[in-house]
Amino acid sequence: MSCRWTAHDKEGALARMLIAAAWYQVNYRNSYGFAYTPLAITARENPGAFTLERLLELPHRDMIADVVTQLYMAADSPLDALRDRTRPGDCTPAPTFPTDRISADADLAVDGLLLDFKSTRNTRTLRQAEAWQLVGYLLLDTADQYRIDTVGLYLSRSGTLASWPEEEYLELLGACRRDLTVFRGAFTELLEGCTADDEPYEHEEEDRVRRLLKRLAPVADPGHCLVCTQPCPDSSRRTREFCSPWCRGRAQTLRNKGLLPGGPALLLPRPRKERLELPDDAEVVRLTARLPR
């Protein structure tokens, strides 16, 4: 089906399709949130008249302008250097990983670089969850299918590409294991011993998780940092326990969480409250006003 925007505004038409695809992705990830999208609201109002052309009319002009700006920025950005040195055959969009414990797909694997795209408005800091997300993808590639040696983020609203060699990234996060093969092995065993997204509810399950984590926890050899397990710098005065002031400051936090000797038992997250299921005849009420066209 052709659409009137395609001939006159290619970027705008692409933006409309990307926004519509994003709404469908919301349905895949969060059906409750999907109920509040313009797509779901309009489709419920008149299902018979809901066509592709009607769908592409829904995005607000400000949303379209925002996406188009990001498209233009990506066309003239540090991604240019990545495009120049690679071929389409080097790229794997939405790479997946050989595990049935976690359903995960990254954004792009290209020439040893694992790249995740973020459209966040906050372009000055890296959230902890985003930092862990990159590590998770790195560890899930247990077969080394994508030969990842660098991880990175592309921030689409600022046109910023930030990347780190894999060893440097693990060092920045204070990872105890720097050997990627060993790290991936421990991570795989952790996934096999615990069901993803299921938090322990019974004491017996908590004890099993604690035993598993204790067995998988790396142990610092003599002369190695108690926090990151890396070798400590030589000292003529006394044996050092930490390799840096950062690790020294981190030690008490880890002890409080039960992750270092001298603290309480390992703390596990409390079970979340069960989400109430809506009855079949329930009606979701839109609480936010629709933006004017």
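**Note on the predicted model: helices, strands and aromatic pairs**

1. In this predicted model, helix H2 (residues 10-29) has 20 residues and should span 28 Å at 1.5 Å a residue; its end C-alpha atoms lie 29 Å apart, which agrees. The expected span is 1.5 Å times one less than the number of residues. Helices (H or I, at least four residues) and strands (E, at least two) are DSSP runs, numbered from the N terminus.

2. The buried residues of H2 are Gly12, Ala13, Ala15, Arg16, Ile19, Ala20 and Trp23. They cover an arc of only 165° around the axis, and therefore sit on the same side of H2. The arc is that of the directions from the helix axis to the C-beta atoms. On the face turned away from this buried side, H2 carries the exposed residues Lys10, Tyr28 and Arg29. Buried denotes under 20% relative accessible area, exposed over 50%, and partly exposed the range in between (1.4 Å probe, protein chains only).

3. Some conventions apply throughout. Residues are numbered from 1 along each chain as its sequence is written, and side-chain values use heavy atoms, with hydrogens and water left out. As the model is predicted, local features need pLDDT of at least 70 and side-chain atom pairs count only at pLDDT 80 or more, while totals for chains, interfaces and linings use all residues.

4. Confidence should be read alongside the contacts. The chain averages a pLDDT (the predictor's confidence in each residue, from 0 to 100) of 82, and 84% of the residues score at least 70. Over residues 1-8 the pLDDT is below 50, and this stretch has twelve contacts in the model beyond near neighbours in sequence. For residues 285-293 the pLDDT likewise stays under 50, with 15 contacts beyond four places in sequence. Contact means heavy atoms within 4.5 Å.

5. As to overall composition, the secondary structure of the chain comes to twelve helices and five strands. Of its 293 residues, 33% count as buried. Among contacts between residues at least 6 apart in sequence, 56% join residues at least 24 apart.

6. Helix H6 (residues 61-75) has 15 residues and reaches 21 Å from its first C-alpha to its last, close to the 21 Å expected at 1.5 Å a residue. Ile64, Val67, Val68, Gln70 and Ala74 are buried in H6. Their arc around the axis is only 160°, which puts them on the same side of H6. The face turned away from that side carries the exposed residues Arg61 and Asp62. The buried residues of H6 pack against H2, helix H7 (79-85) and S4.

7. S4 and strand S5 (residues 160-165) run antiparallel and are joined by six bridges; two strands pair if DSSP finds at least two bridges between them. Threonine 150 has proline 165 in S5 as its bridge partner. The two strands form a hairpin with four residues between them, and glycine 159 in the turn has a positive phi of about 65°.

8. A search of the whole structure finds four aromatic pairs. Rings of Phe, Tyr and Trp (its six-membered ring) pair if their centres lie within 6.5 Å; planes under 30 degrees apart count as stacked, over 60 as edge-to-face and the rest as tilted. For phenylalanine 97 and tyrosine 137 the ring centres are 5.8 Å apart and the planes are at 15°, so the pair is stacked. This pair links distant parts of the chain, 40 residues apart: phenylalanine 97 is in the loop between strand S1 (91-93) and S2, and tyrosine 137 is in helix H8. Both residues are buried.

9. The rings of phenylalanine 117 and tyrosine 154 have centres 5.6 Å apart and planes at 65°, so this pair is edge-to-face. Phenylalanine 117 lies in strand S3 (residues 113-118) and tyrosine 154 in strand S4 (residues 150-155), 37 residues apart. Phenylalanine 117 is partly exposed at 35% relative accessibility, whereas tyrosine 154 is buried at 1%. Phe97, Tyr137 and Tyr146 form one aromatic cluster.

10. Two further buried positions deserve mention. Leucine 108 lies in strand S2 (residues 108-110) and is buried, with a relative accessible area of 15%. Leucine 108 and alanine 94 are 14 residues apart in sequence and 5.5 Å apart in space, C-alpha to C-alpha. Glutamate 130 is placed in helix H8 (residues 128-140) and counts as buried at 7% relative accessibility. Not counting residues up to four places away in sequence, glutamate 130 touches Lys118 and Tyr169.
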